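Please keep the model open beside the text and look up each residue as it is named.

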Amino acid sequence: MDNNIAVSMRHITKAFGTKVVANKDVSMDIHRGEILALLGENGSGKTTLMNMLSGIYHQDSGQIFVDGQEVHITSPKDAYDLGIGMIHQHFKLVDVFTATENVALGMDKSAAKNNKEIAKGITEICEKYGFDVDPKKKVYNMTVSQKQTLEIVKTLYRGADILILDEPTAVLTPQETDKLFAVLRNMKADGKSIIIITHKLHEVLAISDRVSILRKGEYIGTVETKDATVQSLTEMMVGQKVELDIERPETENKELRLTISHLSCLDKYGVKALDDVSLEAYGGEILGIAGISGSGQKQLLEAIAGLQAAEDGGSIVYIDPETGKKEELIGKSVTQIKKMGVALSFVPEDRLGMGLVGSMGMTDNMMLRSYKKGHSIFADRKAPRELALKVKEELEVVTPGIQTPVRKLSGGNVQKVLVGREIAAEPTVLMAAYAVRGLDINTSYTIYHLLNEEKKKGTAVIYVGEDLDVLLALCDRIAVLCDGKLNGVVDGRTATKEEVGELMTNLKEKEATA
Amino acid sequence: MGGFVTLFQQAVAFGTIIMFGAVGEIITEKSGNLNLGVPGIMYLGGISSLLGAFFYENSTDNPIPIVCVLIAAVCAFLASALGGLIFSFLTITLRANQNVTGLTLTIFGSGVANFFGGSLNQLSGGVGQLRVPATSDAFRAQLPGLSNIGGDIGKLFFQYGWLAYVAILVAILAQVYLSRTRTGLNLRAVGENPATADAAGANVTLYKYLATCIGAGISGLGGLYYVMDFTQGKWANDGTIESLGWLAVALVIFTTWRPKNAIWGSYLFGLLYWVYMYIVGISRASQELFKMLPYVVTIVVLIIISLRKKRENQPPEALGLPYFREDR
C-alpha cells in the first residue's frame with residue numbers, strides 16, 4: 001500500500017435503524033501531511049463517517065486501515081491509541097473543569113502525570129503551534145473560540161497525528177477563523193493529517209489540499225483543490241447544476257408596515273444593546289440587517305416581537321395592511337403581536353433552543369403555533385398534520401416520518417421545519433435571523449427563495465444575516481448596526497461589500513446639527 | 001452544659017447514620033446516577049447485618065467479636081451494593097427512568113427488610129426478643145485509650161462506637177478520591193458530561209456501575225450503624241430508617257456534592273432534628289414541626305446557592321440522565 005496514506009476507509013456502510021442509511025459503501029483515503037476537506041450537504045453523512053473513525057459509532061460493514069494495518073475502532077479510546085482525534089461540533093469539554101483537568105481526563109494510568117506537568121505540556125504545545133490557552137481557566141469562563149482551541153490542544157496533547165474537525169468555523173468570527181487556519185497550516189507543516197468537515201466553499205478553497213465529496217451518504221469523488229471552483233464543487237455536492245445567483249424580484253406594491261423610532265433596549269446585564277434606532281420596514285421588501293454579531297440585532301427583532309422590553313421614549317408603530325390602522329407595539333404582549341401577523345423565526349446557535357421542542361415530532365411542533373385556535377377543548381391535529389406534510393414536501397425535509405422527534409433530524413432539516421412553520425402562518429411581517437446558519441448551499445437557496453416568495457406576497461421581510469454577499473444579493477435595503485446604533489441604511493442594489501463592512505466596524509460621528 | 005452535651009451526643013449518633021447514607025449517595029450522584037433508593041438501601045444494609053449476626057451468634061456458644069463485626073459489616077455492604085447493582089442494571093443497561101427506579105428500590109428495600117425483620121423476631125420468640133448482643137457490643141466498643149478522657153471534652157468527642165469515626169474517615173477518603181485522584185476526575189466527568197468522558201476514553205458504563213454499587217454499599221453502612229449501635233441490635237418496624245434515608249438525600253444537596261461538608265452537615269442535621277427535646281413546654285404536634293428543620297435548612301441552602309450562581313455548587317450536569325453513545 002502507498003506509504004503516504006495515513007488512513008484508508010474501504011466500503012464503509014452505516015445505518016441507523018432500518019430506514020436511515022447514513023453512509024453507503026464509502027471508500028476514501030487521507031494522506032499524511034495534508035488538509036482534506038470533507039464536503040457535502042446537510043445530512044449527507046459527513047459527521048457520521050468521521051464518527052466511525054473517532055470511535056463514536058461503529059460501521060455495519062467495511063474496513064478501516066491505519067498505516068496499512070486493518071484496525072477495529074470500537075471506542076474513542078481505540079481512536080486515541082491510533083493517533084486519531086476529533087474536534088466535535090459540540091465541544092466535548094466539562095464546563096466546571098479547568099483546561100488542565102479537561103486535558104487530564106481519561107488519560108491512561110501509564111501516562112499519569114500530575115496537573116503541573118500537564119499544564120507545562122499544554123504550554124509547550126501552545127508555543128509550538130501558536131495557540132493561546134490558559135491552563136488554569138475554567139471552561140465555562142471561555143469564549144467559543146477558546147474552547148475550540150482547548151479541544152485542539154487536548155487532542156494534540158494525547159498524541160493525535162490525524163485530526164478531524166467538524167465544522168470548526170461555524171461559530172467563529174472571520175478573525176478567529178483566520179487564526180484557526182494559521183495554526184492548521186502550522187500543524188500540516190508538522191506532518192499531521194487534518195480532515196475538515198465544512199460546507200463553506202470559500203474556506204474549502206482557502207485551506208484544503210484535496211476535497212472529498214459525499215452526497216446522500218455516498219462517496220462522489222475527490223478532487224485537488226487547485227483544480228476546483230465554487231461552481232464545480234457545488235455541482236458535485238448537489239448532483240445537478242445549481243444557479244448561484246440569488247434573485248431579487250422587483251415589487252410594485254411597497255407600503256409602510258413598521259415605523260420604529262428612537263428605540264433603545266438594555267441587554268440582560270443592563271447594558272445598552274440598542275441605542276436610539278429609528279427605522280422603517282415596508283411590505284413587499286426585504287430589509288437586511290447587517291452588523292458584527294452582538295451589535296443589537298437580537299434586541300431589535302425581539303423588541304418588535306414583544307419579547308424584549310424597550311426603554312421609555314421609543315416606539316414601534318405597526319400599520320395594518322388591510323385597514324391602515326396604526327397600532328403601537330410596545331406594551332403589547334407576545335400573543336397580541338403574533339395575532340397581528342408579526343412572525344419571528346430566530347435561529348440561535350443551538351437550533352433547538354428557540355421555537356421547536358426537540359422531543360416532539362413535526363406535527364406537534366406545528367401545533368405549538370396553532371393550539372389556541374378552534375373552539376373545542378380538544379386540539380385539532382388534522383390541520384397541523386397536513387401542514388407538517390406540506391412543509392416536509394415543499395422544503396424537502398429529510399425525516400423518516402413527520403412523527404419522528406425533530407432532534408433526531410440533521411441541523412439543516414430542523415431549520416427548514418422552523419422557517420416553514422413561521423411562513424405557513426401567513427405573517428404580514430416576517431423576521432428571520434440567521435435563517436441559513438449552518439445550512440448547505442442548496443438548502444440556503446431554498447430558504448432565500450421562500451423569503452422572496454413572501455416578499456412578492458407583500459410581506460415585510462426583515463432578514464438578519466452574517467454573509468455580506470448574500471445580504472447584498474437578496475435585500476432591497478440594508479440597515480447596518482454598529483455597537484447598538486444605526487450606522488446607516490444603504491440600497492442593496494448599489495452598495496458595495498466594502499461600504500457595508502466599513503459601516504459595520506466604524507461608527508460615524510453624529511452630525512453636529514443634532 | 002449537660003443538656004447540650006446530651007444533645008450533641010444524640011446529634012452525632014444520628015448524624016453518623018445519615019453521613020454514611022449521604023457520602024455513598026454523593027459518590028453515586030457524581031457518576032450522574034440519581035439513586036432515590038437510599039432509604040431502601042439502608043434498610044437492606046440494616047437487615048442483612050442483623051441476619052448475618054443473628055445466625056452466627058445462634059450457631060456458636062462463644063461468638064468472637066471480630067468475626068461478628070466482619071460478618072455484619074460484609075453482609076451490610078454486599079446487600080446494599082446488590083441494591084445498587086439492581087439500580088445500575090435497570091437504569092444504565094436497560095435505561096429505565098432513574099427516579100422511578102430509585103423510588104421502587106426504596107419500597108422494595110423496606111419490604112424485604114421488614115419481612116425478614118418480622119421473621120427474625122418470630123424466630124427469636126416475639127417482638128422485642130431479638131438480640132445480637134455480642135455483635136452489638138463489638139460495634140459499640142469505643143476507641144481504646146481515648147474513651148477514658150474525662151469531662152465534657154471526652155463526652156463530646158470520644159464516647160461513641162467506633163463506626164462513628166469510620167464514617168468521618170470514609171467521608172475524608174471520598175473527598176480526597178473525588179478531588180485529588182485521576183479516577184476521581186474521570187468519575188466527575190462522567191457525571192458532568194458522559195459524552196465528553198466517553199470521547200476522552202473513560203469507560204462510562206463501568207464508572208457508573210462501580211460508583212453506584214460502591215456508593216450504595218457505603219450508604220448501607222448507615223443501616224448497619226443504625227441497627228447495631230443506634231438501636232443496639234434490635235429490629236424495630238417503625239419506619240425510622242426510611243425517614244433517615246430521605247434526610248441523607250437532603251444532606252447530599254446541602255453539602256453541594258462535597259463529602260467533606262457531609263461531616264459537619266450531618267451533625268448539624270442531627271442537632272436540628274433533636275433540638276425539640278430541649279425546648280421546654282413544647283407540644284407533641286410542635287415537635288413534628290421542629291423535625292422539619294433539616295429540610296427547611298436544605299431549602300434555604302438551595303436558595304442561597306441559586307442566588308450565588310456559582311457553577312461549582314450546582315449538581316452534576318448529567319444527573320438523572322441516561323447515556324447512550326449512539327444517541328443523537
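**Notes on the model**

1. In this predicted model, strand 11 (residues 255-266) of chain A and strand 14 (residues 315-319) of chain A run antiparallel and are joined by four bridges. Within this pairing, Ile260(A) is found opposite Ile316(A) of strand 14 of chain A.

2. These strands belong to an open sheet of four strands in chain A, whose order is 12-11-14-15 and whose pairing is antiparallel. Strand 12 (272-283) and strand 15 (326-328) of chain A stand at the edges with a single partner strand each, and therefore one side of each has no neighbour in the sheet. From one strand to the next the twist averages 20°. Helix 9 (residues 297-305) of chain A packs on the sheet, where it touches strand 11, strand 12 and strand 14 of chain A, and its direction makes about 115° with that of strand 11 of chain A.

3. Elsewhere in chain A, strand 17 (residues 429-433) pairs in the parallel sense with strand 18 (residues 460-464) over five bridges, and Val429(A) has Ala460(A) as its bridge partner. In a regular strand, side chains alternate between the two faces of the sheet. In strand 17 of chain A, Val429(A), Met431(A) and Ala433(A) point one way, while Leu430(A) and Ala432(A) point the other way, and all are buried.

4. Is Thr98(A) buried or exposed? Thr98(A) has a relative accessible area of 15%, and because buried means under 20%, it counts as buried. Thr98(A) lies in the loop between strand 6 (84-87) and helix 3 (99-104) of chain A, and, leaving aside neighbours within four places in sequence, it is in contact with Pro135(A), Lys136(A), Lys137(A) and Lys138(A).

5. In chain B, helix 2 (residues 38-59) and helix 3 (residues 65-93) pack at an angle of about 145°, with their axes 7 Å apart, and their crossing is right-handed. The residues in contact include Gly45(B), Ser49(B) and Ala53(B) of helix 2 of chain B, and Ala72(B), Ala76(B) and Gly83(B) of helix 3 of chain B. By class, this contact has 11 nonpolar, seven polar and one charged residues.

6. The largest nonpolar core has 127 residues, and among those that touch the most other members are Phe131(A), Leu50(B), Met228(B) and Trp235(B). Helix 1 (residues 2-30) of chain B gives the largest share of this core, 14 residues. Not counting residues up to four places away in sequence, Met228(B) touches several residues, including Ser49(B), Leu50(B), Ala53(B) and Ala72(B). A second, separate core of 43 residues includes Ile246(A), Ala290(A), Ala343(A) and Val406(A).

Technical notes. Residues numbered from 1 in each chain as written. Chains lettered and ligands numbered in written order. Predicted model: local features only at pLDDT ≥ 70, side-chain atom pairs only at ≥ 80, totals over all residues. Heavy atoms only, no water. Axes fitted to C-alpha atoms, helices over the stretch in contact; angles between N-to-C directions. Helix = DSSP H or I, 4+ residues; strand = E, 2+ residues; numbered from the N terminus. Left-handed = near helix turned anticlockwise from the far one by under 90°. Contact = heavy atoms within 4.5 Å. Nonpolar A, V, L, I, M, F, W, Y, C, P; charged D, E, K, R; others polar. Buried < 20%, exposed > 50% of the residue type's maximum accessible area, 1.4 Å probe, protein only. Pairing = 2+ DSSP bridges. Core = buried A, V, L, I, M, F, W, Y, C linked by side-chain atoms within 4.5 Å.
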